[in-house]
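Take a look at the protein below. Keep the sequence and the 3D view side by side as you read.

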Amino acid sequence: MKHAREIECVIYDRDSGRSEHVECELPDDACQSALKRLRDMGEDDFAWVRLAGPSVGELVELAEELGLHPLAVEDAVHGRQRPKRERFGDVLAVALKTLRYVEEETAVETGDVMIFVGPRSVLTVSHGPIDPCTEAARRLDADADMLSHGPWAVVHAVLDVAVDAYSDAARRVRATLDRLEDEVFSTSRVDHTESIYSLKREVREFRDAVQPLVPVVQGRPVHP
């Protein structure tokens, strides 16, 4: 997204694989443009609406059109949700953590994404510096056959990008650990105590993001 408050809306034809990007350039008019197009969707169409750091007003308008529960709207506005799965009528809400490892700072950066999937639409709301939706949209554009699965194609693509990021972060953390281990046992006599404890905290944050997501995607209940 070009702006933290910009809305993006894409209408997909699950049979042909065609996509239509709805023009939503002006923040004050964005929701109205998307809502009008959502009401005019064809029988084989489904929509993906993407928001980053939305206002309450933007989400309330979309919630009415997409059938979101008020509690779901509250979660989406504030973000910082633990990975979880909840059903609100015909809409399934999935929260997941996004992350990346910044080697220069020996730090794990996290964000979160809420996914609301209904019979003919998906709403994703992202918070933080990491948004998997852009890459997920690119993958869908490159694999039109996936669109035959309807809104669940979007859910799969977003989760796929998030999990790929977990794998990349794990690989980078492992490389940092290997480097520190080599330096600890070298003759350089550099004190790495602070770096080791800092990395330990980051690994804990990594684990807290990944472990709760496993039962969410496997269909088992999630306990706090």
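This report goes from the overall fold to the cores, then to single residues and a pocket.

## Overall fold

This is a predicted model. The protein chain has seven helices and seven strands. Their order along the sequence is β-β-α-β-α-α-β-β-β-β-α-α-α-α.

The protein chain has 224 residues, and 46% of them count as buried. Now take the contacts in the protein chain with a separation of 6 or more: 60% of these link residues 24 or more positions apart.

## The nonpolar cores

The largest nonpolar core holds 36 residues. Within this core, Trp48, Ile115 and Leu140 touch the most other members.

Now zoom in on Ile115. Leave aside its neighbours within four places in sequence. Ile115 is then in contact with Leu92, Ala93, Val94, Leu96, Val122, Leu123, Thr124, Val155 and Val158. Another core lies apart from the largest one. This other core has 29 residues, among them Cys9, Val22, Leu51 and Met114.

Start with Arg50, which is in strand S3. Is Arg50 buried or exposed? Arg50 is buried, because its relative accessible area is 6%, below the 20% cut-off. The side chain of Arg50 makes a polar contact with the side chain of Glu8, at 2.5 Å.

Next comes Asp13, in strand S1. Asp13 is also under the 20% cut-off. Its relative accessible area is 14%, so Asp13 counts as buried. The side chain of Asp13 reaches the backbone nitrogen of Asp15 at 2.9 Å. Beyond its neighbours within four places in sequence, Asp13 is in contact with Arg18, Asp44 and Asp45.

## Helix H3 and its cover

Helix H3 spans residues 70–78. In H3, Ala72, Val73, Asp75, Ala76 and Val77 are buried. An α-helix has 3.6 residues a turn, so residues three or four places apart point the same way.

What covers the buried residues of H3? The cover includes helix H2 (56–66), strand S4 (84–88), S6 and strand S7 (121–127). Just after H3 comes Gly79, with a positive phi of about 65°.

## A residue on helix H5

Ala165 is found in helix H5. Its relative accessible area is 26%, so Ala165 is partly exposed. Ala165 and Tyr101 are 64 residues apart along the chain. Their C-alpha atoms are separated by 9.0 Å.

## The second largest pocket

Rolling a probe the size of a water molecule over the atoms shows where empty space is left. The second largest pocket has a volume of about 150 Å³.

Which residues line the second largest pocket? They are Leu38, Met41, Glu65, Leu66, Asp90, Val91, Gly118, Pro119, Arg120 and Ser121. The lining divides into five nonpolar, two polar and three charged residues.

Note on methods
Residues are numbered from 1 along each chain as its sequence is written. This is a predicted model: local features need pLDDT of at least 70, side-chain atom pairs count only at pLDDT 80 or more; totals for chains, interfaces and linings use all residues. Side-chain values use heavy atoms; hydrogens and water are left out. On a 1 Å grid over the protein atoms alone, a cavity is a set of points where a 1.4 Å probe fits but cannot get out, and a pocket is an open set with protein on both sides within 12 Å along at least five of seven lines; lining residues have an atom within 4 Å of a point. Grid points are joined across faces, edges and corners, and a volume is the space filled by probe spheres set on the points. Ala, Val, Leu, Ile, Met, Phe, Trp, Tyr, Cys and Pro count as nonpolar, Asp, Glu, Lys and Arg as charged, and the others, Gly among them, as polar. A nonpolar core is a set of buried Ala, Val, Leu, Ile, Met, Phe, Trp, Tyr and Cys residues joined through side-chain atoms within 4.5 Å. Buried means under 20% relative accessible area, exposed over 50%, partly exposed in between (1.4 Å probe, protein chains only). Contact means heavy atoms within 4.5 Å. Helices (H or I, at least four residues) and strands (E, at least two) are DSSP runs, numbered from the N terminus. A polar contact is a pair of N or O atoms within 3.5 Å; within protein, one must be able to donate a hydrogen and the other to accept it, and residues adjacent in sequence count only if both atoms are side-chain atoms.
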